[in-house]
Amino acid sequence: MSHPATAPLTARLERAQLAGSVVSLLQWDEQVNLPAGSGARRGAQLALMAELHHAAATDPEIGLRLREMEADPALLDADERVLARHARRDFDRATKLPPAFVAERAALDSEAFHAWVQARERADFAAFAPYLERQVGLARREAAYLGFEANPYDYLLDKHDPGLTEAEVARLFDELRAGLVPLVREIVASPVRARPGLLRGFPVAAQEKFLREVTTAMGFDFQRGRIDVAVHPFCSGDAADTRLTTRYAEDDPLDSLFSAIHETGHGLYEQGLPLEHLGTPLGEAAGMAVHESQSRLWENQVAHSRAFWRHFEPRLRAAFPGRLDGVTTDELHLAINAVRPGPVRLEADEVTYNLHILLRFELERRLFAGGLRVPDLPAAWGELSAALLGTAPENDARGVLQDVHWSGGAFGYFPSYCLGNMIAAQLWDAARRALPGLEEDFAAGRFARLLGWLRENIHRHGRRFDARTLVRQVTGEELSPAHLLRYLRERYAALYFPPKR
Ligand code: ZN
């Protein structure tokens, strides 16, 4: 770092990130600890902190220092170019939206959220449609302010994953769909079935202890992170203080365990970001899809594998005496890898999950291209659900109203979940080539070599590379759904397609 504007710019960026981290901590506390009667107080605290955060992120000094750096690019080293590029992007996005627009959106977000909760309770899409209509309108206007008037959906994708376009995502998803729909049909037609309700009566205290053993083995650093209980599992915070949540149910121990493993994957990425760059783009995650690739890789490729359970199955049996007496190793493994197509994304397994995302992407792009009107969404949802999943939702609550995202105007967000799955499978393939004997490691409860490889190849880079560049660099190939399709077919054929006699 050599440019004279770098140090003052970095100081301002760190200050803004620090303010943002307080907002995030208040939000974490709201989900985990807040007394029921203290919501209004928290609302006021959050509003003030959000204002201070916004002021710090739009500090004119940031603009000034950026212009100085942009004026003599020859003086910038590689890291400074990354810093200037991303800081410019963030600064423009924070300053180019008129304050009246920002206020209008904040008001609508809150109104639309409450309208969504009520509409979902009554399974009544028509009651929510006017709010959704307005959110689509605001998203279009936001895209226009940022220079994407002609292609708003590109803007919405790029917002979560820099550089992604609708055409590119459509190409990847078409290829995925062509391979995935037949695989799901074959699994559904298989005589093999997971036994439902296999795992019941798992005391929560013992679940917490077991989960701590698993996440510690994965490498989560509890000296600068925590796992608590919240209704919806999430990961927040940063490399210096990473907060994870899960939830517990005595009759669904796999839900709490895999939710925690998923969030720990996110947490390991945060903890692996370079602390010396905390508060600047060099210390931030590369984007939503890469973040999701880290959680999915640990949750699916690692923790759904035979090798992982070779180590943890005896420990699970010991932690819950008697609970698994009538359950064989194969039955347990099948319960962990149960595939059941259904209408609800959050209940989906790792195979059919991707089809839920394909459905949302298709509807969002039609909505923004103007080919689909908001009132026609439920019908289009039903048709696509039948085509992709072989089942249509019985009502709007379990269909078009099931996700919170659109009520907050979060369009273009869903694709990152599926892209994360693709990236995870592609990284997994590369990791196995680079680290022979990886599954023997897992069977012995050792995960440090995999974590070290992810630290070296993904985490330490911060935002230096976008998702596609990162994938190309680490795997030597372009991002492609081929790896995900191959991984799913291999793992699920072994479970569901018994050799014919
Ligand atoms: Zn996630």
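What follows is a conversation in questions and answers about the structure shown above.

Modeller: This is a predicted model, in which local features need pLDDT of at least 70 and side-chain atom pairs count only at pLDDT 80 or more, while totals for chains, interfaces and linings use all residues. Residues are numbered from 1 along each chain as its sequence is written, and side-chain values use heavy atoms, with hydrogens and water left out.

Biologist: Where in the chain do histidine 266 and glutamate 292 lie, and are they buried or exposed?

Modeller: Helices (H or I, at least four residues) and strands (E, at least two) are DSSP runs, numbered from the N terminus. The pair links distant parts of the chain, 26 residues apart, with histidine 266 in helix H10 (residues 253–272) and glutamate 292 in helix H11 (residues 288–302). Buried means under 20% relative accessible area, exposed over 50%, and partly exposed in between (1.4 Å probe, protein chains only). Histidine 266 and glutamate 292 are both buried.

Biologist: Which helix supplies the largest share of the lining of the second largest pocket?

Modeller: On a 1 Å grid over the protein atoms alone, a pocket is an open set of points with protein on both sides within 12 Å along at least five of seven lines, and lining residues have an atom within 4 Å of a point. Of the 16 residues that line the second largest pocket, the closest to its centre are Arg432, Glu439, Tyr487, Glu490 and Arg491. At least two lining residues each come from helix H12 (306–319), helix H16 (415–434) and helix H20 (482–496). The largest share, 7 residues, comes from H20.

Biologist: How are phenylalanine 113 and tryptophan 116 arranged as an aromatic pair?

Modeller: Rings of Phe, Tyr and Trp (its six-membered ring) pair if their centres lie within 6.5 Å, and planes under 30 degrees apart count as stacked, over 60 as edge-to-face and the rest as tilted. The structure holds 25 aromatic pairs, and in one of them phenylalanine 113 and tryptophan 116 lie 5.9 Å centre to centre with 40° between the planes, a pair that is tilted.

Biologist: What separates phenylalanine 113 and tryptophan 116 in helix H5?

Modeller: Phenylalanine 113 counts as partly exposed at 35% relative accessibility, whereas tryptophan 116 is buried, with a relative accessible area of 6%. Because they are 3 residues apart in helix H5 (residues 99–121), phenylalanine 113 and tryptophan 116 are separated by about one helical turn.

Biologist: What kind of aromatic pair do phenylalanine 210 and phenylalanine 320 form?

Modeller: Both phenylalanine 210 and phenylalanine 320 are buried. Phenylalanine 210 is in helix H9 (residues 204–218) and phenylalanine 320 in the loop between H12 and helix H13 (329–336), 110 residues apart. With 6.4 Å centre to centre and 70° between the planes, the pair is edge-to-face.

Biologist: What is phi of alanine 123 near?

Modeller: Most residues other than glycine have a negative phi. Alanine 123 has its place in the loop between H5 and helix H6 (125–145), and is partly exposed, with a relative accessible area of 28%. Its phi is a positive value in a residue other than glycine, near 50°.

Biologist: How many Å apart in space are phenylalanine 125 and asparagine 395, C-alpha to C-alpha?

Modeller: Phenylalanine 125 has its place in helix H6 and counts as buried at 4% relative accessibility. Phenylalanine 125 and asparagine 395 are 270 residues apart in sequence, and their C-alpha to C-alpha distance in space is 9.4 Å.

Key. 1 Å grid on protein atoms, 1.4 Å probe; cavity = no way out; pocket = protein on both sides within 12 Å on 5 of 7 lines; lining within 4 Å.
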